[in-house]
Amino acid sequence: MAEKREIPPEVIERVKKLREEIEYHNYRYYVLDSPVISDAEYDALMRELKELEAKYPELVTPDSPTQRVGYPPAKEFRTVPHAIPMLSLDDAFSEEEVLDFDRRVKRFLNLPEDQDIEYTVEPKMDGLAVELVYEDGKFTVGSTRGDGYQGEDVTNNLKTIKSIPLRLFSTDGLPIPRLLEARGEVFMKKEDFKKLNEERLSRGEPPFANPRNAAAGSLRQLDPNVTAQRPLDIYFYGVGRVEGYEFKTQWEILQTLPKWGLKVNPYVRLVKNIREAIAYHHEMEKIRESLPYEIDGIVIKVNDLSLWEKLGTKARSPRYALAYKFPPTQVTTQVLDIIVQVGRTGAVTPVAILKPVQVGGVIVSRATLHNEDEIRRKDVRIGDWVLVQRAGEVIPEIVMVIKERRTGNEKPFKMPEVCPVCGTKLVRKPGEAVWRCPNRGCYGQLVRHILHFASRGAMDIEGLGTKVAEALVDRGLVQDVGDLYYLKVEDLLQLPGFALKKARNLYEAIQRSKKTTLARFLYALGIRHVGEVAAQLLAKHFKSLEAIKKASMADLLSVPGIGPEAARSVWEWFRNERNLKTLEKLLQAGITFEEEAEEAPAEKPLEGKTFVFTGALKSMTREEAKRRVQALGGRVASSVSRNVDYVVVGENPGSKYDRARALGLKMINEEEFLKLIGQKP
Ligand SMILES: NC(=O)c1ccc[n+]([C@@H]2O[C@H](COP(=O)([O-])OP(=O)(O)OC[C@H]3O[C@@H](n4cnc5c(N)ncnc54)[C@H](O)[C@@H]3O)[C@@H](O)[C@H]2O)c1
Ligand SMILES: [Zn+2]
C-alpha cells in the first residue's frame, strides 16, 4: 500500500478558501439571481478547485461544490423532489476536450477507437432548467432544478408562460403517455432582457447581469403575477420519468415532444460522429449573434438511450453528455476613467476607459456609455468594478456596476462644459439626451488635421488615411494629434479591418515618425498660413522650437519671406492654451528634430541624375530618400523610362524592377545608394 501522503497546509487552506468563495457565488447566482463575478471568473475558480481535488483526491468531500449541482431550494418555495436527478453538464472549451469525451465514451463502452458514435447536437440555451410533470396529459407540477434532487415549486409561474401547454395534445394519432416529466430551459429573449433592464434601471432597481439571471429571477417569484408580466419562453430538450410510452433515442425524444405541443429548438440535429458535432459547434458559433436568444454553447448527447444506462452518471453530471461552450462574452473589470468623444454629428458621448481584459480572445479596454443619463441610471463611477458585455463586432457595453465591490473611493462622472476637441461650450437641447458641440466643423477639422499631420510632407505616417483617421476620432482614441503617439497596438486592434499585422505596422509607422525635422514638424502643426515653404524658412531662421515659441511679432516679421499674416498666425498659435497642451503632449512623446539634410552639401554631386525607387528601403522611408537625392541636386521619377540613371532596388521590388531590367537600366541596392548619397551604410 502506498504511504500516506502529506498534503501541504497551503493546499488545504486554498481548497477551503475556494469552496467558501464558490459557495458564496453559488448563492448569489442561484438564489439571488444576482452574480457579482462573470461566469468566466467563476469557471476559473471551479477549475482550480477541480484540479486541486484531482491532485489530492483525499480532499474530495461529498459536499464540495465540484460534487454538487446548483443550490438547495429557497425556503419560501414548496419543494418538489426529482425522481430522476436533474444534473449539470461537464463542459469543454476546445476540440481536444471534445475528442477526449468521445474517446472516454468508447473506452467506457469497450468500443474500438475508430467506431463512430451517433450524437444529437443541440443549442445550449442560456436560461434555467425546469421539469414539468404531465399526468394523463395534464400539467400538474412544475419545478426548478434546485440542487438536482429537489427543486422549487413554480407551477403557477410556469402556467403564465404562453408557450407551455396546460394539456398535451396528440398529433398523428400519437398516444399521450400516462406520465411524462418533460425537461426544458426557460429563457428570456435578448431584446426582452434589454427592455426589462431598462425598466429596472429607470425605477432605480438593480439590473440583471444576463438573460439567464433575468429568466431565473423572473420565474422564481413568489407572486405569479410578477412572472406573468415577464416575457419568458421555453424550449424542451429531454425527459425524466415516462410511463406509457417508450423512447429508444434522444433524437426520438426531440422529434416527439413537439407532437405533444412541447416546443423544441428548431436547430437540434442528429450527427453521425464527433467530427460532425464539432462542425455543428462552429456553425452555431457563426449564427450565435443573430439568434434572438442567448446560447452559450452546444450540448452533445449520445443518441442511443440504452448506452446512457451503461455510461451512467457521476455525482454532478452524466457521462453521456457534454456542453461544448463558446468563448465567454462577459467579463468584469474596473473603470479607470471616463472620457468624452465627439462624433461626426457633433454629439458628445462618454466612454469608459477600462483596465484591459481579454474577452473571447479580444482585449477590451473601453466601453461606450451612450450619454450622461445612461451613466446616471447605471450609476457608473470612476473606479467602479463593472460587468462588461462584448457581442460580436459591436463596441463593448457596461451591463451593470457591481456595487458590492465599491470601496467608497469611486468618483462620479461630470460632463465637461466644453468640447474636448475644439473647446467650444457644449449645448444640450431640452428633451434631448445628448450634449453636442455646436461648432459644426469640429469633427471634420480634427479628421483633416490628423490627415495633414500624417501627410508625406509633414510627419509622413504611412497607413494613416481618411478611414483610419475617422475611426480614431469616432472611437475617441484621438482628440488631438498628440494622442497619436500614445496609441497602443491593442487600441489600433479595435479599428475596423485591423488585425495584428496591420495594427503593428501603423503603430511602428507612428513611432518612426517621431524622428523628424523642425520644418516638417512646424508644417505638421497646421498653423494657418504656414505651408511647407514658410515652415522651412522659420526653421532655418530660428533653428529651434523654443526660439520660435518665444519669438515676438517683430522677430517673426524680420524673417525673410514671412509675411504679416503668417507672422501673426504663428505668434497666436503659440499663445493658445489648447495648442500648447497638444505641443507638450507631442514633445513628451519623444519627438526629436534632426539637422536638415538639405542644408549640408554645398555642391550638387547628383546634378542631372534621375533616380527611381522600387521596393522598401531599410534605413529610411521613400520620402526621406527622395529628399536626400533632391538635396544633392538629383531628381526622382515615379516611373521607369530610358531617362533614368539609377534604379534603387529595395526589399520586395515591384513591377518597376522588371521594367528596368527589360530596359537594361543601372540597378543599385540600398548599400550602394547610401554610398552615392555620401552616407555610410
Ligand atoms: N457568475 C457566477 O457567480 C456563477 C455562479 C454559479 C454558476 N455560474 C455559471 O453557471 C454555470 C454552471 O451552471 P450549471 O450547473 O447549470 O451548468 P451549465 O449551465 O453549464 O449546464 C447545465 C445546464 O444546461 C442547460 N441546458 C441548456 N440547453 C440544454 C440542452 N439542450 N440539453 C441539456 N441541458 C441544457 C440545463 O439547464 C442544464 O441544467 C457555469 O457556466 C457557471 O459559470 C456562475
Ligand atoms: Zn468641438
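I began with ligand 1 and found 23 residues around it, the closest being Tyr29, Pro35, Asp39, Ser88 and Ala129; a residue is counted when its C-beta atom, placed from the backbone, lies within 6 Å of the molecule. I note that this is a predicted model, in which local features need pLDDT of at least 70 and side-chain atom pairs pLDDT 80 or more, while totals for chains, interfaces and linings use all residues. Residues are numbered from 1 along each chain as its sequence is written, and chains are lettered from A and ligands numbered from 1 in the order in which they are written.

I then looked up what supplies the shell around ligand 1: helix 1 (9–31), helix 2 (39–55) and strand 3 each give at least two residues, and helix 1 gives the most, with 4. Helices (H or I, at least four residues) and strands (E, at least two) are DSSP runs numbered from the N terminus. Domain 1 (9–67) and domain 2 (91–325) each contribute at least three residues to this shell, their bounds coming from an automatic or database domain assignment.

Next I checked lysine 124, which UniProt lists in an unreviewed entry for "active site", an annotation that may be inferred rather than shown by experiment. Lysine 124 sits in strand 3 (residues 119–125), and I count it as buried because it has 23 C-beta neighbours inside 10 Å, where 20 or more means buried, 12 or fewer exposed, and anything in between partly exposed. Leaving aside residues up to four places away in sequence, I find lysine 124 touching Ile295, Asp296, Gly297, Ile298, Val299 and Ala323, with contact meaning C-beta atoms within 7 Å.

Note on methods
Two residues are in contact if their C-beta atoms, placed from the backbone, lie within 7 Å.
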